[in-house]
Amino acid sequence: MLKYSVIIPAHNEGEYLSGLLDSLAGQSLLPQQAIIVNDHSSDQTENIIDEYATKFPWISKVNSLTQASRLPGSKVVAAFEKGLEKIDQPFDFIVKLDADLILPPQYFEKVANVFKQNPKAGIVGGFAYELENDQWELNHPMGKDHVRGAFKSYSKSCFEKMNGLRCSIGWDTIDELLCRFHGFEVITLPELKVKHLRPTGSSYSKKAKYLQGQAMYKMRYGLGIAFLSMAKVSWKQKKPGYLLDSMLGYLMAWLKNTEKAVNSREGQFIRDYRWKNIFKKISGKSSEIS
């Protein structure tokens, strides 16, 4: 069976971390290592890590202090990279996990089987479920070919080809685009139902309202793709202000000549891939109408 290592960035996760670690310890296929990055927590997070590290030799702790000025996305990747520096066991795939999850017992055994059977598998994961009216309901507003950033597994070859994760807002979209750029596949497993204990909050806030536009600029979407993508989200969320704010974020990033997160070749692939999907969806709808 394939070997894997896990990195868990954790900032004030005392309420949830034990649940995740219990589910990790209960896996039918255990990790070689689980590095928990205690990112300047002020609650019981560090004590919980120490308790589990005493019980399980494959769990260890890294204390870190990520710069408060880092934007969402780049902050979690910076913490992930701190953990990555401490990985010293061989692995076939590497996993980034949030601390507020509960995994089904055979989660990583099934993920490992996909990597073993499909050499082109680059990113693999299940779907998130959240508790609503005492029922665990699917919460996956993105396309069914997207793995949530909360629980991503990367084959070693794909991870190395991508040169790891990009320390940028939008990292969990960039990674999947780069995965495809390098000829790998993103594979989702609907039968793997991950319980997400903290309800997903809206990314639309005064502090973050321009960030989605900035992320699309950094991914070299181009104005046309960015507008269509933002308009779609604005319509689905029924928040017309989102479109305006996101476009302003994109234009401000352009005016500031913000550093891109991908190079020109990667950017060309991303635009071609996005346009191809847009036209596919348009033609699909046209077929349904006819």
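This is a predicted model: local features need pLDDT of at least 70, side-chain atom pairs count only at pLDDT 80 or more; totals for chains, interfaces and linings use all residues.
Biologist: At roughly what angle do the axes of α7 and α9 cross, and is the crossing parallel or oblique?
Modeller: Helix α7 covers residues 211-218 and helix α9 covers residues 240-255, and their axes come within 6 Å. The crossing angle is roughly 45°. Angles under 35 degrees would count as roughly parallel and 65 to 115 as roughly perpendicular, so α7 is oblique to α9.

Biologist: Which hand does the crossing of α7 and α9 have, and how many nonpolar, polar and charged residues make the contact?
Modeller: α7 passes α9 in a right-handed crossing. From α7 the contact takes Gln-212, Gly-213, Gln-214, Met-216 and Tyr-217, and from α9 it takes Tyr-242, Ser-246, Gly-249, Tyr-250, Ala-253 and Trp-254. With Gly counted as polar, the residues divide into six nonpolar, five polar and no charged.

Biologist: Beyond its neighbours within four places in sequence, which residues does Ile-8 contact?
Modeller: Ile-8 is one of the residues with the most contacts inside the largest nonpolar core. In soluble globular proteins, nonpolar side chains tend to be buried together. With the sequence neighbours left aside, the contacts of Ile-8 are Leu-20, Leu-21, Leu-24, Ile-35, Ile-36, Val-37, Leu-97, Asp-98 and Ala-99.

Biologist: Which elements do the buried residues of α3 pack against?
Modeller: Helix α3 spans residues 74-84, and its buried residues are Ser-74, Val-77, Ala-78, Ala-79, Phe-80 and Gly-83. They pack against the strands β1 (4-10), β2 (33-39) and β4 (93-97), and against the helices α5 (156-161) and α6 (171-181).

Biologist: Is Asp-134 buried or exposed?
Modeller: Asp-134 lies in the loop between β6 (121-132) and β7 (135-138). Its phi is positive, about 65°, although Asp-134 is not a glycine. Most residues other than glycine have a negative phi. The relative accessibility of Asp-134 is 70%, and the cut-off is over 50%, so Asp-134 counts as exposed.

Biologist: Where does Asn-163 lie, and what is its relative accessible area?
Modeller: Asn-163 lies in the loop between α5 and α6. Asn-163 also has a positive phi, about 60°, without being a glycine. Asn-163 is exposed, and its relative accessible area is 65%.

Definitions and conventions:
Residues are numbered from 1 along each chain as its sequence is written. Side-chain values use heavy atoms; hydrogens and water are left out. Axes are lines fitted to C-alpha atoms, for helices over the stretch in contact, and angles run from 0 to 180 degrees between N-to-C directions. Helices (H or I, at least four residues) and strands (E, at least two) are DSSP runs, numbered from the N terminus. Angles under 35 degrees count as roughly parallel, over 145 as roughly antiparallel, 65 to 115 as roughly perpendicular and the rest as oblique. A crossing is left-handed if the near helix is turned anticlockwise from the far one by less than a right angle, and right-handed if clockwise. Contact means heavy atoms within 4.5 Å. A nonpolar core is a set of buried Ala, Val, Leu, Ile, Met, Phe, Trp, Tyr and Cys residues joined through side-chain atoms within 4.5 Å. Buried means under 20% relative accessible area, exposed over 50%, partly exposed in between (1.4 Å probe, protein chains only).
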